Amino acid sequence: MKIFVGLGNPGAEYANTKHNVGFTLADKLAAELNATDWRNNFNALVAETFFEGEKILIVKPQTFMNLSGEAVVPVADFYKIDLENLIVAHDDMDLPVGMIRLRPKGSSGGHRGVASIIQHFGGLQNFPRVRIGIGRPPENWTVNNHVLSPFNVEEVPKISAAIESLVPAVICIFREGINNAMNKYNPRKLGVRD
């Protein structure tokens, strides 16, 4: 069994913001895998499907970003899932807009949603990440203003391309594991360290 979590904020006012690219990827993945029946459970929207005979849950926490662990950890605990089978997708300001990076584990990197998950797991960090670049805030912008703003006209195609490329990347994680997916989908020659 695998659990895919896309991080974001609930509510229409946040739907197209940079902070919600995890939700966007979750929706795209759900459509690809025919997981169309979303239900409220564990303080989250949860869609269930099967991929190559394996149960897959797609989860969108409804706790707001900074409390994501309050939804993610109860799901993982209920299904007694090993952390390497929990994949978390989120926005990342340390990556240029539209750049993607898969990681097997690591710190929160300052992302409060990921920090909440790590905190609720008692400090455990060994769950795979799908990072989607949103770039740094413009001059004189706060981090909050940046992550809660929509993408501009130049950024939209880059994010759309990133989401499109991440659907097969996540499916590769399901099928072959994070390390093989990293070898196939992580960008090279861009000078960005994991």
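In this predicted model, the buried residues of helix H1 (21–32) pack against S1, S4, strand S5 (86–92), strand S7 (129–133) and helix H5 (155–176). Those buried residues are Val21, Gly22, Phe23, Leu25, Ala26, Leu29 and Ala30. H1 has 12 residues. From its first C-alpha to its last, H1 reaches 16 Å, close to the 16 Å expected at 1.5 Å a residue.

Lysine 18 lies in the loop between strand S1 (2–6) and helix H1 (21–32). The residue is buried, yet has no salt bridge. Where does the side chain of lysine 18 reach? It reaches the backbone oxygen of proline 150, at 2.9 Å. Leaving aside neighbours within four places in sequence, lysine 18 is in contact with Asp91, Ile134, His146, Val147, Ser149, Pro150, Phe151 and Glu155.

| Residue | Phi | Location |
|---|---|---|
| Asparagine 34 | near 55° | follows H1 |
| Phenylalanine 64 | about 75° | loop between strand S4 (54–61) and helix H2 (69–78) |

Phenylalanine 64 is not a glycine either. Is phenylalanine 64 buried, partly exposed or exposed? Its relative accessible area is 41%, so phenylalanine 64 is partly exposed.

How values were computed
Residues are numbered from 1 along each chain as its sequence is written. This is a predicted model: local features need pLDDT of at least 70, side-chain atom pairs count only at pLDDT 80 or more; totals for chains, interfaces and linings use all residues. Side-chain values use heavy atoms; hydrogens and water are left out. Helices (H or I, at least four residues) and strands (E, at least two) are DSSP runs, numbered from the N terminus. Buried means under 20% relative accessible area, exposed over 50%, partly exposed in between (1.4 Å probe, protein chains only). Lys and Arg count as positive and Asp and Glu as negative; His and the chain ends are not counted. A salt bridge is a side-chain nitrogen of Lys or Arg within 4 Å of a carboxyl oxygen of Asp or Glu. A polar contact is a pair of N or O atoms within 3.5 Å; within protein, one must be able to donate a hydrogen and the other to accept it, and residues adjacent in sequence count only if both atoms are side-chain atoms. Contact means heavy atoms within 4.5 Å. The expected span of a helix is 1.5 Å times one less than its number of residues.
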